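Hello,

Here is the structure I promised to pass on. Please open it first, then read my notes below.

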Amino acid sequence: MTTVPRTRLDLTRIEAARRVIDPVFLDTPLYPCEPLGRALGCRVSVKLETANPVRSFKGRGTEVVVNGLSGRAAVCASAGNLGQALAWSARGRGVDVTVVASRSAPAVKLERIRALGARLELVDGDFDEARERAVAIAEHDGIRLVEDSLDLETCEGAATIGLELLETPFDSVLIALGGGAMATGIGHVLKTRAPGVEVVCVQPAGAPAMTRSWRERRVVTTDSTSTIADGVAGRRPIPEVLGDLLLVADDAVLVREESIVAGMRLLLEHAGLVVEPSAALGVAAVLEDRDRFACRHVVVVVCGGNVDLAAYHRWLGTGLP
């Protein structure tokens, strides 16, 4: 007898999540962007997840996490955006937050974590080393470890984006793929309520672990990453999250660094949006495969706007300081 794979996500819980998420993170703009569409050769709608206090979609998940906390302290590893979101959600609820991040994380993200009142601990190495340190802190202090993508609250909070996407008919959605919370969350909603929509996950070629895992249907790790898209630069996919992703993703593609930069430039020039590299992955995917998306209506989820401006100008060659 064949066992049918089951997802960890639940649509009833996702709908309930909307009732505990601060409205400042909900009902974000979804609009057609004709200039961007002309540049890409297809119809493009933008789902803008940067116009909120933490400039990323992560607040949707951390609101659900903090609402359900039984203790008064939590720790997480973060490339920057989750740490900001957890600190924001916790500070008005009397929850102490520790964020562990890499010393190489963008300074602007680290500064905002501190400004939001979290304790920040920096480690040498990358996100996966930060994750190991966060686990150790949680075990030593007996506090809640918040693990992005592994914790269902982060996935089901992000999935509320999918509920909002249902209001507009479209053909494909392009989702940045890192740990997998946003891809599995949005994907679950769409495959449940709008199964005809193509769910395409996009990852940098320099950080391909989750995409390789999706293609091989098993966890594939890498020894290192090399990408400007720090928000999706993991090396060790979480097996439970991969299982969810396998049920909802129609495709997972890798894009080059130059395409990511070109996507950031197009979002600036044609949509007036300053975004971090991870948020340009969807546009990069269209740039690298124009024929695939020609004559289709695609939604690009612009997931984060926390970018170091000096690096931004350097990547885009604006000539500004």
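Start with helices α4 and α5, which are roughly parallel to each other (angles under 35 degrees count as roughly parallel, over 145 as roughly antiparallel, 65 to 115 as roughly perpendicular and the rest as oblique). Helix α4 covers residues 81-91 and helix α5 covers residues 107-115; they pack at an angle of about 15°, with axes 9 Å apart. Axes are lines fitted to C-alpha atoms, for helices over the stretch in contact, and angles run from 0 to 180 degrees between N-to-C directions. Helices (H or I, at least four residues) and strands (E, at least two) are DSSP runs, numbered from the N terminus. From α4, the residues N81, G83, Q84 and A87 meet K109, R112 and I113 of α5 (contact means heavy atoms within 4.5 Å).

A word on the source. This is a predicted model, where local features need pLDDT of at least 70 and side-chain atom pairs count only at pLDDT 80 or more, while totals for chains, interfaces and linings use all residues. Residues are numbered from 1 along each chain as its sequence is written, and side-chain values use heavy atoms, with hydrogens and water left out.

Now take the second pair. Helix α12 (residues 257-271) packs against helix α13 (residues 281-288) at an angle of about 110°, with the axes 8 Å apart. That makes α12 roughly perpendicular to α13. On the α12 side, the contact includes S259, I260 and L266. On the α13 side, L281, V283 and L287 are among the partners.

The loop between α12 and α13 holds E276. Is E276 buried or exposed? E276 counts as buried, because its relative accessibility is 2% (buried means under 20% relative accessible area, exposed over 50%, partly exposed in between, with a 1.4 Å probe and protein chains only). Leaving out residues up to four places away in sequence, E276 touches N81, K109, M264, G304, G305, N306 and V307. N81 and K109 also belong to the contact of α4 and α5.

Next, the core. A nonpolar core is a set of buried Ala, Val, Leu, Ile, Met, Phe, Trp, Tyr and Cys residues joined through side-chain atoms within 4.5 Å. The largest has 65 residues, and L36, V173, L174, M182 and L190 touch the most other members. L36 touches V44, V46, L266, L267, H270 and V283, not counting residues up to four places away in sequence. Another core, of 28 residues, lies apart from it and includes V65, L82, A87 and A90.

Best wishes
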